[in-house]
Amino acid sequence: MPAQLVSIEVAPDLVDQVYRALLGAISSGTLAPGERITQEDIAQRLSVSRQPVLQALRLLKKDGFVLDAPGRGVLVAPLEAEAMRKVYQVRGALDALAARLAARQRFRIDPKLIERGRRAARGRNVEAMIDADVAFHQAIYAASGNPLIAQSADPHWRHLRRAMGAVLQAEPQRETLWDEHEAIADAIAAGNADRAARLSEEHVSRASEALSERLLAHAASTHTAIPPKQKGDKA
């Protein structure tokens, strides 16, 4: 008689939950670049023990989202324009390929995805805006029929979520973003592969430029001008 196996309930991975909560806070700007994070503070705010927080912070450090800090805790890593430009270059190539392949199938993206995105854009929840954006692009990856596209893009999306969080804090970008998404979806549904690929590349290029502009503006606003030396000042 075969042994009886009892079904078990698998508890969600607490480390993964803490990692995602911290990554979401970093992406949305709730935890700002340069902000110090300590195990004790995060454990208290998330109502968990320090151990899963320690493990999650190690993963975030490995992925480049936090850095070692003098004293206790870690610092949220800065957003570096040049590094993100390279990530956007890779994403642009993958998105164009996915859109081209999806267009060959004349895939019709669920209009609810676009409705969800526009609704989020009118709100104040940046993380909801990011989730809607990611869902739209993942739908195109799935429609491409090539699972390697999503697999290749996935590691980069963790950093892209953070870049999008910075850009989406500027209201003018929000509605424009979904106008571009809708145009891409229309080109795919019409089977116009060249147009779908081109619009996807342009969409990613504009997002990269918007991030660079925002980072430059932020740097300028936080820069403290050094007064000119007065006569008699030491060099």
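## Aromatic pair

Rings of Phe, Tyr and Trp (its six-membered ring) count as a pair if their centres lie within 6.5 Å; planes under 30 degrees apart are stacked, over 60 edge-to-face, and the rest tilted. This is a predicted model, in which local features need pLDDT of at least 70 and side-chain atom pairs pLDDT 80 or more, while totals for chains, interfaces and linings use all residues. Residues are numbered from 1 along each chain as its sequence is written, and side-chain values use heavy atoms, without hydrogens and water.

The structure holds 1 aromatic pair. The ring centres of Phe136 and Trp178 are 5.8 Å apart and the planes meet at 80°, so the pair is edge-to-face. Phe136 sits in helix α6 (residues 126-144) and Trp178 in helix α8 (residues 172-189), so the pair ties together parts 42 residues apart in sequence. Helices (H or I, at least four residues) and strands (E, at least two) are DSSP runs, numbered from the N terminus. Both Phe136 and Trp178 are buried (under 20% relative accessible area, 1.4 Å probe, protein chains only).

## Sheet

An open sheet is formed by 3 strands in the order β1-β3-β2, with antiparallel pairing. Strands pair if DSSP finds at least two bridges between them. The edge strands, β1 (36-37) and β2 (66-68), each pair on one side only. Between β1 and β3 (residues 74-76) there are 2 bridges. Arg36 stands opposite Leu75 in β3.

Helix α3 (residues 50-62) packs on the sheet and touches β1, β2 and β3. Contact means heavy atoms within 4.5 Å.

Definitions and conventions
Axes fitted to C-alpha atoms, helices over the stretch in contact; angles between N-to-C directions. Buried < 20%, exposed > 50% of the residue type's maximum accessible area, 1.4 Å probe, protein only.
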